[in-house]
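Thanks for coming, everyone. Let me put the structure up, and then I'll walk through the two chains.

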Amino acid sequence: MALHSFSWSPLRTLGSTFNSVSTRRWNSTTASNAAPNAERTLNRGYTSSKRRILNRKRFIENSKDASESRPLEKFMTREWRAGDVHAPHDLSPAEMSKWRNSVGPSTDIFDALKLNPLHMYKNFTIMSEFMSNMGRIKHSRETGLRPVNQRKMAKAIRRAIGLGLMPSVHRHPEILAARAMARSGRGSVF
Amino acid sequence: MATTRLSPAASLLRNSRLFALPQALTIPQDVHASHESNTATAHHPTRAAIITPASSLARGDWGLKRPLPAKSTSAKSQRPIVRIKALDTFEHTTDFESASDHTVTLEKFQDLHLPMSLPAKINYSNNNKVKHVSPFETRLDNTERSAGLDDPAAKKFRHSGPYLADQTEAEFQAYLKTVRKSKPEIMQKLREHFVAQRTADRRKEAQDSGNHFEDLDKPIRYTEAEFKDYVKSLRASPKSLGPVVFEILDIPPPPAVPSDMMKSQYYHSPALRLSSEEYATAGPPKTHPSAGLTYTRTQALLYNHPKFGPQTYQRPVQARVLRPKGHFKGRKGKAYASIGGIVVDDINAMAFEESSHGISQFDATIPGGAKYWANPIRASVNIEGRIDLTSERATPNSRAPYGVQEYQKPNRFRLSPVVGQSGQQHVVPRLDRARPQFGTSSKSRDLGTPEGNTETIAQELMKKISS
């Protein structure tokens, strides 16, 4: 059979579809016509496979570029805002490493709001803002409170824990629950 | 002349440019920012930039207490411009740094040939262009002291009182204290207001009845009891007290709150007399609405191309992609680009079409960083003093007269023979007839034999996986 004459084809994967096509042609046309027809079919298959290889190569190159770029992207630490002005220096590694460090608030929030931290001891949401995940009281470097308010706030936290209003080794369960809800995508309870 | 009567030392000081150096502005701390750099370029300059003529520069003479070193001024830059942080310090040095970050940005901004506009809400969802209103219009360019305020249609951008809506509790209590202290003046102003209202009432009455015109010029006399009744009536209805309070204290109106969110009793603010409606929602501006960036009033500039005639767009400028869209610090965001050193949020970042590389994803392979061509269309200064620049991606039509093109990634693979041949041919290749022969294994110049290619790809893949 003519079918066997091009069984050398590298495109063995196309074999099954190719087989059925050529058999139909074998049935419908004469033997002399069948060979060029089959060759054209072969060429078409060959072209598409070549295109596929080209696309795959391009894809591999692109993904290689992307995987090379991704580790570099994390060095662009600055969060830009519209209206910022930048000079070439602002794009330098020295500047970018400064933007990596977080800074505490510069003003005392209790002074700004005219609140006494000691009166807030029942408000576990406020108290949790000044505690770490593990229940430790944050340093004034992080809270930005002036010494008087920092002492009062620390006392309020200790008071809340002593009264049993707040756990001492983790955040308040209601806050943990709200965070878990937000993380699972079901929205916040608040 | 005042200067002739002054002593030589006093006139020296008066004519001194050094003494004319203005005080440094304070840059408001961004309360919400958790990250910052103390050496980053601020969004507006806070100190005056000074230059010196070439003859003095050669000697390092900047008109200061001591010469500045050449190594960090004239040897470092062709046009050194410095700002002085301290004239003299404990260490007997002059604290200075280069001011070219802001001066060069200003030059680059003026190269865009954009006039300043008053801020306006830009709705990107519809295509309506926001009308350009210049802040230098006589009707709008008023502060609380301007003479132009007598015009009933005049609007102002600045009040003498503070913006209550962004005050903290402590600041508000401090302001209340000053208001209480100035109660006599406020009551005097209220009396004037009362007289003005009485006059208006009398005029209206005269107009209606038509027989009291001779009384109009007489000064209005009122008893203390009448004034007390007026104050009582104001207190009884917040609707009429609100405008009087805002007018007498000269404080900017608060942002409008939907009335269904309010209690039935609230203090109405007076009719808006602000230069821009944006100031009613965002607050009063910190600077003049132009910030002195340009003094051009009109947007009606037309660039005449020497070869192609008048152009709709000016020459497009390159925008550097500072942050591609996509995930950043764990959240999705829009892309940020910068035009002439001014950061703009790329408004087309939400669009589906991807015009150039490096916007959707960071690409380190682009030489010099990702850029695209943009047409800046509008510039204004927002209430913080930041430049609000609006730009569009440059269309192929606006790019064509200047022969600029978007960056194309070099294709590392051979093009198909049709495209390859079309460069040498003088006729467009017919794609529908006489299909090009891609295929026979003897002629394939493109990729070698397919088996070889799949093999190499497989090998590369295996290498990648194993490494």
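First, a term: two residues are in contact if their C-beta atoms, placed from the backbone, lie within 7 Å. With that in hand, take chain A: among its contacts between residues at least 6 apart in sequence, 58% join residues at least 24 apart.

Some ground rules. This is a predicted model, in which local features need pLDDT of at least 70 and side-chain atom pairs count only at pLDDT 80 or more, while totals for chains, interfaces and linings use all residues. Residues are numbered from 1 along each chain as its sequence is written, and chains are lettered from A and ligands numbered from 1 in the order in which they are written.

Confidence next. pLDDT is the predictor's confidence in each residue, from 0 to 100. Chain A has a mean pLDDT of 78, and 73% of its residues reach 70 or more. Within chain A, helix α2 (residues 15-28) has the lowest confidence, at a mean of 41, and helix α8 (residues 147-162) the highest, at 96. Look at residues 1-35 of chain A: the pLDDT there is below 50. Beyond near neighbours in sequence, that stretch has 25 contacts in the model.

Now secondary structure. Helices (H or I, at least four residues) and strands (E, at least two) are DSSP runs, numbered from the N terminus. Chain A has 9 helices and 0 strands. Chain B has 12 helices and 13 strands.

How much is buried? A residue is buried if 20 or more other C-beta atoms lie within 10 Å of its own, exposed if 12 or fewer, and partly exposed in between, with C-beta atoms placed from the backbone. In chain A, buried residues make up 14% of the 190 residues. In chain B, 19% of the 467 residues count as buried. As for contacts in chain B with a separation of 6 or more, 53% come from residues 24 or more positions apart.

On to where the chains meet. 41 residues of chain A are in contact with 46 residues of chain B. On the chain A side, α3 (31-73), α4 (93-100) and α5 (109-113) each supply at least two residues. Which helix gives the largest share? That is α3(A), with 17 residues. By class, this side of chain A has 16 nonpolar, 9 polar and 16 charged residues. For those classes, Ala, Val, Leu, Ile, Met, Phe, Trp, Tyr, Cys and Pro count as nonpolar, Asp, Glu, Lys and Arg as charged, and the others, Gly among them, as polar.

Let's turn to the strands of chain B. Two strands pair if DSSP finds at least two bridges between them. One open sheet has 3 strands in the order β1-β2-β3 (chain B), with antiparallel pairing. Its edge strands are β1 (49-50) and β3 (95-98), each pairing on one side only. Strand β2 (residues 82-86) of chain B pairs with β3(B) over 4 bridges. There, I84(B) has F96(B) as its bridge partner.

Further along the chain, follow β7(B). It is mostly covered: 5 of its 7 residues are buried. β7(B) pairs antiparallel with β12(B) over 4 bridges, and R320(B) stands opposite K371(B). β7(B) also runs antiparallel to β10(B), joined by 4 bridges. In that pair, V321(B) is bridged to A337(B).

Then β12(B) and β13(B). 7 bridges join these antiparallel strands, with N375(B) opposite E392(B). They form a hairpin with 5 residues between them, and G385(B) in the turn has a positive phi of about 90°. β13(B) is mostly covered, with 6 of its 7 residues buried.

Last, the cores. A nonpolar core is a set of buried Ala, Val, Leu, Ile, Met, Phe, Trp, Tyr and Cys residues joined through C-beta atoms within 7 Å. The largest has 26 residues, and V321(B), A337(B), I339(B) and I342(B) have the most contacts inside it. β7 (317-323), β10 (336-339), β11 (342-345), β12 (371-381) and β13 (387-393) of chain B each give two or more residues to this core. β12(B) gives the most, with 5. Apart from this core lies another, of 12 residues, including F124(A) and M153(A).
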